Amino acid sequence: MKYKFSAPMPYNKKDIDKILDINATIEKSKITSLYASLPSNCELFTGFEQSRNLNFDKQNWDYWKYLIEHTLSQNCDFIYLLNSPKPFNIGSSYFALRLEKLEKLLNQLKILGVNKLRVASGVLMFFINKHYPDFNILASTSLEYKTIQEYKNFIDFHPELKQIVPCHDLNKNFQILSFVKKKYPNIEIELMVNEGCLRGCPNRNMHEMTDYNIEGNITGTYCTSFCTSQFGNYPFQSFVMGSHIYPYEIEEYGKIGINNFKFVGRDGYRDNFQYFIKSFTDYLKGIDNINNIKNTSLNYISSHYARSKLLEQLMIKDYKKYLPNIKYFKKNGHLCASRCGTECRYCYKCAEKIQKIFENKIKQNEKKPHYVPACKIN
């Protein structure tokens, strides 16, 4: 096995089995871990999680305990998410209550054999490492670090780290990724491959901090509306300039020692689980051989905000050669943060070319595009 993938844990045994059954059809990769957190109304929910498990009808710990046990019984790791980036008031009485719940939760996880925690707070990492050293600390992408200095300083201050998931804006920054891998060879780097949030999204932290209560009064509409509206206005540009990693690009990361990758999508499991089954399956088959998915639409490459009826019409076989080339980013990816749209318009030109080809194809087939109005490129 060459590449390891983590994926969101489904919310019932049948769907967990469907996710793990994908492994039987794949050669070069395997889904080796599932991750999740409890719904906010569960008795062991600590408040250090992101409140993105909306299965409020399953509030009993025994229900989630059973699913975790089943996951582990399938020779698959389970990672519990304590990945909220929200600051906390250490002096408040509520914080003391959260620590009590954390102690109960960690003791229960330890009994089950869970030893991996995805954490977004340095303070919480320090606390867990001191009082619960049996747990492996995996740093969350919610830290949103984007510079070499941030990673160097943070890792040096937290030698207990076993793995980091860099900010998804860094997916094509091979300079930073290579530096971190070389300097800290014993720390795994896991990259998100299908994150649909826009590169350079100004609301990125707000996406991660969105809270939902039982009544659904806070829905995070503002946080997600930016990516959604931008994609609606500039679909080709937004997709082409995303930070997702295509299946045929995975081997370039393997060359620099990165073999761990992550599927996102737990927000959408309840509403469209079959989409994610197909998406994950096609992605891993594409790593085996891109010809396996040449007739797959780009709709299955990127998750969340980038999904649209437009992308259903863009087939990998027709558009792969017009998409940005990973070799360009191996040489120039570290400059994207300072030159994109100003000194460099490489991705914009790719988007313009794809839009033109797509529109010509529509005309040739005497069909109308599925998006209104026609998009324009900045």
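Which exposed residues does the face of H1 turned away from its buried side carry? In this predicted model, local features require pLDDT of at least 70 and side-chain atom pairs count only at pLDDT 80 or more, whereas totals for chains, interfaces and linings use all residues. Residues are numbered from 1 along each chain as its sequence is written, and side-chain values use heavy atoms, with hydrogens and water left out.

The protein contains 16 helices and eight strands, taken as DSSP runs numbered from the N terminus (helices: H or I, at least four residues; strands: E, at least two). Of its 378 residues, 53% are buried, where buried means under 20% relative accessible area, exposed over 50%, and partly exposed in between (1.4 Å probe, protein chains only).

Helix H1 spans residues 13–21, and its buried residues are Asp 15, Ile 16, Ile 19 and Leu 20. These lie within an arc of 140 degrees when seen down the helix axis, so they line one face of H1; the arc is that of the directions from the helix axis to the C-beta atoms. The face turned away from the buried side carries the exposed residues Lys 14 and Asp 21. Strand E2 (29–36), helix H2 (61–73) and helix H11 (269–288) pack against the buried residues of H1.

A nonpolar core is a set of buried Ala, Val, Leu, Ile, Met, Phe, Trp, Tyr and Cys residues joined through side-chain atoms within 4.5 Å. The largest such core has 78 residues, of which Phe 5, Trp 61, Leu 82, Leu 109 and Ile 128 touch the most other members. H11 supplies the largest share of this core, nine residues. Apart from it lies another core of 23 residues, including Phe 329 and Cys 347.

Conventions. Contact means heavy atoms within 4.5 Å.
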